Amino acid sequence: MACVYIPVQNSEEEVRVALDQLPRDASDILDILKAEQAPLDLWLIIAREYFKQGKTEQFKQILEEGSSPEIDDYYADVRYERIAILNALGAYYSYLGKIETKQREKEDHFILATQYYNKASRIDMHEPSTWVGKGQLLLAKGDIEQASAAFKIVLDGDHDNVPALLGQACVQFNRGRFSDSLDLYKRALQVYPHCPAAVRLGIGLCRYKLGQFEKARQAFQRVLQLDLENVEALVALGIMDLHTNEADGIQKAMENMQKAFEIYPYCAVALNYLANHFFFTGQHFLVEQLTETALAVTNHGPMKAHSYYNLARSYHSKGDYEKAGLYYMASVKEINKPHEFVLPYYGLGQVQLKLGDFKSSLSNFEKVLEVYPENCESLKAVGHIYVQLGQTERALEILRKAARIDPRDAQAFLELGELLISSDAGAALDAFRTARGLLKKGGEEVPIDLLNNIGVLHFERGEFELAEQTFKEALGDGIWLAILDGKIHNSTVDSGAATCQCKDMQLFQQLDEDGTSVELPWDKVTAVFNLARLLEQNYDTEKASLLYRLILYKYPDYVDAYLRLAAVAKARNNIQLSIELIGDALKVDDKCPNALSMLGNLELKSDDWVKAKDTFRAARDATDGKDSYATLSLGNWNYFAAVRSEKRGPKLEATHLEKAKELYTKVLVQRPANLYAANGAGVVLAEKGHFDVSKDIFTQVQEAASGSIFVQMPDVWINLAHVYFAQGHFSLAVKMYQNCLRKFFYNTDTQVLLYLARTHYEAEQWQDCKRTLLRAIHLAPSNYTLRFDAGVAMQKFSASTLQKTKRTADEVRATVAELKNAVRIFSQLSAASSQNFHGFDERKIETHVGYCKHLLDAAKVHCEAAEREEQQNRQRLEVARQVSLAEEARRKAEEQRKFQLERRKQEDELKQVMQQEEHFERIKEQWKSSTPASKRKDRPQAEDEDGGHSEKKRRRSGKKRKNDKGSKSRYDMDESEAEMMDDHEEMEHEDATIMNDQEVETNEMNDHDDIGADNPQDLLVAAGLEDSDAEDEAEPSSTINRRKWAWSESDEDEPAERQPESSPNRENSTELPESDGEIRESNKPNREAAGDDDEEDD
């Protein structure tokens, strides 16, 4: 039993005080302490014992009395104990301020703590315990930097101060410097190994933050070894076990949380985790109790945020969106940034989306995406919100991003496909297919709605086989398969007349009686309807009618089935049955706008204008003017009323047209993409003469209507062609009519053919008009109007042909044939008119017949004149042809003569060249054999020196040959290139006298060719290779040979300056240089031999 002894003043006796039996009233102890002037350390021991026992009032009473001014005065020389009492009070109020939830009271506690610490500092400002206390106070207030400074002051004086080390470790932990904090905790433990278990708790938390989970677990387990009831360690181990995401770990975690709760029921962390556990087990009552307790015992913002989040989530799951929203909002307010705790933002966004607050919901989901930018659930929610806000493009971008981030998220592709249906059917189909593939791959059942959507998209793209397969996949097994296979059809029962089959249900009643299942689940009704619609589109109306009747047999209030049966009856031209079926639909829903609009159209087709107008008004009123189809039908009614021929008047027409324009404009305001309203507005503008505006409208409607299989609008093509026709652009109108015929009517619509024929008629293309009308007559032989128009076209063609100033006999003969056909057609119409077949005026027909006969008579005269003119033209053409042929023959003869002359000339040149080459070869052989080297060596030196006179001697003797030593070669290419140009100029001067008469020159050239063939020695003389033996026999035969001799003599006089030009015969000028070249090569050994002779003479 612990006790303290208070010494009695002026005595050796002591007052024994048992610490476990302290009086409830601390005044008795205070009286003893004061009376005996007990040491202040006893005051502090007794106060601390009161605090341990939970008697905080007695604790405060003793310490406040111990720090009173009287005590301070009495114990003025006692410093440490006084500071310890003040620091204890400061620590106590710091603790109160830390756990206080009310902000005002929290601040009051912090103020008192600050006052006590300041008073202690005045006693001794260097006391470490005071600075440690101040640091703890600042840490509790959240002033991390000031707290760090206070602890640093202590550590600067004492590096091993354990409280300061622990405080600085807390500072570093709050700063996020977990490694530094861990080092400080380790250092404190090294300084004082017997530290409380909480020190190791700090080590475990640092390890956990650093990702060292196994070491963190060891630290927490060590804490529990030292302190089995350490709540924080139990909670920490529980959190770590939860993060394993294993069943055993979760169970163990909940056991630790429950143990912590039993030890200390006010641990907010344990309370929140237990509440989270009970939320998933569905025990919402416990969730609410635990979170409310956690909110009552904590003032920590993030902890309260978790508590509010658990509470909000509980109400959210129960469907109480108002309360859930309030608690989500409270949780968000406790968070400074979404990065701290983002889940409340997500829950708040969901609740706001459910309540229709799209903008607030969008803001919260965007905050979630700031933290987790690739969170697919948030992206899908944001995409859905953008759809609701009308920002389709943004929604598409978000959903595509979600699908790209997680390609295995079938829901993302499903939502993307639903969004793309209205804008890009192809992309929507791809998205739906991907979603179906992902679901099948994951082993999940593909929803019927998804398969139905895929089937509808195939249907819209015209892929009817794929659509049927998809609808069958969605429906599975059932009676519809028997209907499709033809096992169930109308003939199985006596259904009566065919007009009643659409309303007959006896077939399915009999099948029920026979035990055949006719079940049709409600989630398959839409797929069955779409399958029937597909069969109807493929003209299998019998099976389609059976499926519609099956729907009505199981679900008699399905209005759309009545309307489709009415459409089938209308297609069969059974207007009365169609009206009856629409009446059955109106019995189910008398304000069905679709049924009323369809009924109004049938009444309009039946020419019941008053009823049709009333029905259209009822359809419009049934939807408060929001049904665009009803308003559009009223607009059509006013337009037809304006253009009715029997009641057409300027004023009434203008009134109806203005009303129609107003109704079309109203539809366009409600639905700017309504093509039919835009087409109607264009028609009204065209009727008023605003062709340019109406043409722009029709063009836009045409472009928009071209992209869908269901939007079949031939009217807009026809209207656009009408506008071109009215503007006089006949070629464009013809092209537009032809495109319309080919695209929509397979070139078989007589009305459009009539429009086309009229366009050709106005463009004065009479033959095209006739051919178009004949096509129409072939399609509608009983239409006498077409026959009349064909006759008029023939008549007009004939008249226009006869009015031409120039016409051929063929044209006149074609005119006669056309007039005969016109007379025949008009005669037939006249005969039919007498029997009232078509209602034409007989006198008008006779007028046409008479006019055609008159033209026929005139055409005969024109035909004779044209034939005469044609005969004359043929004769003139024949004469011109003969002249042309004669001229062509003369030209060809001249060309042939020139060709023969040129050919003869080329042959002569070739022959001359060949003869010259042969003669040169023969002369070279003779020269080589007649001048051996031995004779040149024996020749005296005097003859070599007198080489300049050798030529005269050789001429006299006729035996000696020319010695090449005393003269240079006439054709030395290294020295005589420049002299060739000078000689050429001299030759041109001499040739001037010879070339005066071109005809004489030609004769001389021909003579020279003949002479050259007989006297080749002249060519050798010109080349400087003349033979002295042959020179006496040779005779100059022409002026050209004499010129060559003159050149040779001049060259001998000036061997280094002159080089002979080619022969004046220009035709041979290109051949001689080649011969000279050959001669020069053959002279090379002679030059070497001459050199040898010179060496011997020396």
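Predicted model: local features only at pLDDT ≥ 70, side-chain atom pairs only at ≥ 80, totals over all residues.
The protein chain contains 54 helices and two strands. It has 1098 residues, and buried residues make up 43% of them. Among contacts with a separation of 6 or more, 54% join residues 24 or more positions apart.

In soluble globular proteins, nonpolar side chains tend to be buried together. The largest nonpolar core of the model holds 52 residues. Within this core, Ile 479, Trp 480, Leu 547 and Ile 582 touch the most other members. Eight helices are listed here, each of which supplies at least two residues of the core: α26 (464-475), α27 (479-484), α28 (506-513), α29 (525-537), α30 (541-554), α31 (559-571), α32 (575-588) and α33 (593-605). A second core is separate and has 45 residues. Its members include Val 667, Trp 717, Met 736 and Ala 793.

With residues up to four places away in sequence not counted, Trp 480 touches Leu 475, Glu 519, Leu 520, Pro 521, Lys 524, Val 528, Leu 547 and Leu 550. One of these partners, Leu 547, is also among the core residues that touch the most other members.

Tyr 539 lies in the loop between α29 and α30. Its phi is near 65 degrees, a positive value in a residue other than glycine. Tyr 539 has a relative accessible area of 74%, over the 50% cut-off, and is therefore exposed. Asn 573 is placed in the loop between α31 and α32. Asn 573 is not a glycine either, yet its phi is positive, at about 65 degrees. The relative accessible area of Asn 573 is 58%, so this residue too counts as exposed.

Helix packing was examined for α5 and α7. Two packed helices are described by the angle between their axes and the distance between the axes. Helix α5 covers residues 80-99, and helix α7 covers residues 128-141. Their axes come within 10 Å and cross at roughly 10 degrees. Angles under 35 degrees count as roughly parallel, and α5 and α7 are therefore roughly parallel to each other. On the α5 side, the contact involves Ile 83, Asn 87, Ser 94 and Lys 98. These meet Ser 129, Thr 130, Leu 137 and Ala 140 in α7. By class, the residues of this contact divide into three nonpolar, four polar and one charged.

Helix α9 runs over residues 162-175, a stretch of 14 residues. At 1.5 Å a residue, α9 should span 20 Å; its end C-alpha atoms are 20 Å apart, so the two values agree. The buried residues of α9 are Val 162, Ala 164, Leu 165, Gly 167, Gln 168, Ala 169, Val 171 and Gln 172.

Met 329 belongs to helix α18, residues 321-333. Its relative accessible area is 32%, so Met 329 is partly exposed. Met 329 and Tyr 345 are 16 residues apart in sequence. In space, their C-alpha atoms are 8.2 Å apart. Neighbours within four places in sequence aside, Met 329 is in contact with Leu 348 and Gln 352.

Notes
Residues numbered from 1 in each chain as written. Heavy atoms only, no water. Core = buried A, V, L, I, M, F, W, Y, C linked by side-chain atoms within 4.5 Å. Buried < 20%, exposed > 50% of the residue type's maximum accessible area, 1.4 Å probe, protein only. Helix = DSSP H or I, 4+ residues; strand = E, 2+ residues; numbered from the N terminus. Contact = heavy atoms within 4.5 Å. Axes fitted to C-alpha atoms, helices over the stretch in contact; angles between N-to-C directions. Parallel < 35°, antiparallel > 145°, perpendicular 65-115°, else oblique. Nonpolar A, V, L, I, M, F, W, Y, C, P; charged D, E, K, R; others polar. Expected span 1.5 Å × (residues − 1).
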